[in-house]
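Work through the two exercises below with the structure in view, and try each task before reading its solution.

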Amino acid sequence: MDECSLYDTVIVTRSRSPHHAGVVNEPTSRAQGVNPLCGDRVRLSVRAGHDGIEDLRHETRGCAICIAATDLMAEVVTGRTRTDALELGQRFTDMLESQSPPGEVADDADMPEVLRAFLPLKTHRSRLRCATLPWTALGEALNHD
Amino acid sequence: MSASDTDVLSQADLSHLRAQFPILSQTVHGKPLVFLDSAASAQKPDVVIDGMAEMMRTQYANIHRGLHWMSERSTEAYEAARTRVAEFLGAAAREEIVFTRNSTEAINLVAYSYGSLLRPGQAVLISEMEHHANLVPWQMLRDRIGIELRVAPITDDGDLDLDAYGALLADGKVGLVAITHMSNVLGTVTPAERLVAMAHEAGARILLDGSQAVVHRRVNVQDLKADFYTFTGHKLYGPTGIGVLWARRELLDAMPPFMGGGDMISSVTFEKSVWAPVPAKFEAGTPAIVEAVGLGIAIDWVESIGFDAIGAHEAALTKHALRVLPEVPGLSVVGKPRERGGVVSFTMDDVHPHDIATLLDRNGIAVRAGHHCAEPLMRRLGLTATARASFAAYTTEHEIDVLAETLRRIRQFFV
Ligand SMILES: Cc1ncc(COP(=O)(O)O)c(C=O)c1O
């Protein structure tokens, strides 16, 4: 399906075999995100310490976009402070929700490359929540631990 | 078109028919549109589009209130649409047709109004395969007046379990049955006559949700001996914003109004109002005038082709789909009902229905994916979502082949 850039290789491969699936040992918090429209469900378990997020794992039932977004989120937030992780989530959501077309997104040099794979979602607005759902769940987890 | 002479649509008939739907010649993402989402809402033929525009251009005013020429013409057109719907459903009288916004509003009207005549201790019986439109209003009624809500199970094949249905009626407490005439997820056509007879034997009234059924088959409410029947205009090649409740005259007469306002009263003082006779009692406020007229035109259009031809065409398409889709690796068709209308839900191993729908869309193919407003049914089937292809009079076998071929490529892409 070369005609659909949304299904970038990284998204398809991560959805097929996620690197961060499962549950962390001794979690400091857990959270769940559900999209009632499609039944996608993201369960997160997080272990966070003084220096920030030490480990994050997920059990995701959903579409390829949702699984890949969750898995890549786990990858990019591990090692970050809570504030830093939440702020990245906000920038990711802003990047997808802003009205500017995919090619003209203001360059955010700090945006991890893997998260840019989701830029084509800007032309699939009905699927945006598939990618932002894990970040909503992360907000829950980090604000309630 | 004289398709009804032969009871099937020839290739020439079908091309002629498709040419009447301007949207079908659109391209999507550079591909010819393959529209397989008619069960959600059907496309509209030129006669409907033009007829509605023509009314607004030439003969439009508010109805039932103006003493002027324009208002009289609009009133005539609106009331002629009511007569048209009454004939279409085989109603005993045109007053038995109440216009609503859609099927959802028609069911809510019955739940609110007829529902208020039910008493605590009585029950409403629905089935496991109801659309949320025929489930949530009954839950709201239950919570409002304390009736019991019973749910008749389905079999693994996706048919209503008639033994269980009979058992749930047996204690005589069911005041009203509300069941779909055709499932929007499984395509199951329910045995309406049987359901009606069994309900009546148990002393219950019965509402049939005909939102899907009326599109595919001739329905005669008097032959069915039903008490309430609902459908929605936009699935029947008509516009949005117009739906229909049919009910027996004596039931409508006994029911309190649903909404209050203009047009539904015969006299008003600050102390009290006297309700207008049916159907006006149930049509408060300015109705969807142009949309009702559009629905009347859509019915004319459907009948000009004829349900024999439409039914035979859709049955052939469904048979074809049930042959070619299961040949796609990893694909499973959901349900195996005894009688199926032009709706096929499916899942594919390793590919989520939403990914299927997005990738089909990139190829110009429109299908529905999700829970189809039937979450409890999905749970019963052990699924969270399915993809669904649905067929209409304008659907072609070639489109189903394109669907199957594209699904094959999607599956290869993911595995
Ligand atoms: C079986 C069934 N009932 C009710 C409805 C509700 O129709 P509407 O949304 O037009 O009220 C639908 C359509 O989605 C349906 O398929």
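**Exercise 1.** In this predicted model, find how many salt bridges cross the interface of domain 1 of chain B and domain 2 of chain B, and examine the pair B:Arg380 and B:Glu128.

*Solution.* Begin with the count, which is three salt bridges across this interface. Turning to the pair, the side chains of B:Arg380 and B:Glu128 come to 3.3 Å, N to O, and this counts as a salt bridge because the nitrogen of an Arg side chain lies within 4 Å of a carboxyl oxygen of Glu. Finally, consider the area, of which about 2,900 Å² is buried between the two domains, with 54% on carbon and sulfur atoms. On the domain 1 side, B:Phe307, B:Leu377 and B:Arg380 lose the most area to domain 2, together 24% of what that side buries.

**Exercise 2.** Describe the contact between chain B and chain A, giving its buried area and its count of salt bridges.

*Solution.* First, the contact draws 19 residues from chain B and 19 residues from chain A, and the area buried between them is about 1,700 Å², with 58% given by carbon and sulfur atoms. Within chain B, the residues that lose the most area to chain A are B:Arg362, B:Phe413 and B:Phe414, together 31% of what that side buries. Then count the charged pairs: there are two salt bridges between the chains, including the one in which the side chains of B:Asp350 and A:Arg16 meet at 3.7 Å, N to O. Lastly, helix H14 (353-362) and helix H16 (397-414) of chain B each supply at least two residues of the side that touches chain A.

Technical notes: Residues numbered from 1 in each chain as written. Chains lettered and ligands numbered in written order. Predicted model: local features only at pLDDT ≥ 70, side-chain atom pairs only at ≥ 80, totals over all residues. Heavy atoms only, no water. Contact = heavy atoms within 4.5 Å. Buried area = accessible area lost by both parts, 1.4 Å probe. Helix = DSSP H or I, 4+ residues; strand = E, 2+ residues; numbered from the N terminus.
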